[in-house]
Amino acid sequence: MLCHGNICRSPMAQYVFMKLAEEAGVGHLFEVDSAATSREEIGNPVYPPARRMLAAHGITRMDHRARQMTMDDYRYYDYIIVMDGENLWNARRMTGGDPEGKVRMLLDRQIDDPWYTDDFQKAYDDILEGCTDLLEELT
């Protein structure tokens, strides 16, 4: 899961997807991580409002620290799932044009960055929708 800073949307998507997969009994089939396209939040934990939103939905174990995506991530993971068009462009640029076709959006529309909108509920709802659809597609 990939977003700009790796402190709001992408860790939310990481933990939501993992929870959905575990609840469906297929958690063992997936390895999910998250990263940023930028370097500005490296080392920071999940942003407190995002942490509270996840906790409100039963996700309380979050040992995440922001990091930037690397080419090793691109080589290792089957999918690079991004939250918006800007990060889609950045991810493709960072991977030399996405030669293996791994980079795609979580939804067919933007998931607005709650860092700017302050609407963590909408971000959570969009992420839940996208993760639910992705899990269905992959299983």
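Before I start, residues are numbered from 1 along each chain as its sequence is written, and side-chain values use heavy atoms, with hydrogens and water left out. Since this is a predicted model, local features need pLDDT of at least 70 and side-chain atom pairs count only at pLDDT 80 or more, while totals for chains, interfaces and linings use all residues.

Let me begin with the helices. Helices here are DSSP runs of H or I with at least four residues, strands are runs of E with at least two, and both are numbered from the N terminus. Two packed helices are described by the angle between their axes and the distance between the axes. The axes are lines fitted to C-alpha atoms, for helices over the stretch in contact, and the angles run from 0 to 180 degrees between N-to-C directions.

The helices α1 and α6 pack at about 45°, with axes 9 Å apart, and that makes α1 oblique to α6; the cut-offs are under 35 degrees for roughly parallel, over 145 for roughly antiparallel, 65 to 115 for roughly perpendicular, and the rest oblique. Their crossing is right-handed, a term used when the near helix is turned clockwise from the far one by less than a right angle, with anticlockwise being left-handed.

Turning to α2, its axis and that of α6 come within 10 Å and cross at roughly 55°, which makes α2 oblique to α6. The contact is made by P49, A50, M53 and L54 of α2 together with F120, Q121 and Y124 of α6. With α1, on the other hand, α2 packs at an angle of about 15°, the axes being 10 Å apart, and the two are therefore roughly parallel. Here M12, Y15 and V16 of α1 meet A50, M53 and L54 of α2, and these residues divide into 6 nonpolar, no polar and no charged.

What about the cores? A nonpolar core is a set of buried Ala, Val, Leu, Ile, Met, Phe, Trp, Tyr and Cys residues joined through side-chain atoms within 4.5 Å, and buried means under 20% relative accessible area, with exposed over 50% and partly exposed in between, using a 1.4 Å probe on protein chains only. The largest core has 31 residues, and those with the most contacts inside it are M1, M83 and C131. The elements giving two or more residues to this core are α1, α2 and α6, and α1 gives the most, with 7. A second, separate core of 11 residues includes Y77, L88, A91 and V103.

Finally, the backbone. Most residues other than glycine have a negative phi. N6, in the loop between β1 and α1, has a positive phi of about 65° although it is not a glycine, and N6 is buried, at 0% relative accessible area. D98, in the loop between α4 and β4, has a positive phi near 55° and is buried as well, at 9%.

Technical notes. Contact means heavy atoms within 4.5 Å. Ala, Val, Leu, Ile, Met, Phe, Trp, Tyr, Cys and Pro count as nonpolar, Asp, Glu, Lys and Arg as charged, and the others, Gly among them, as polar.
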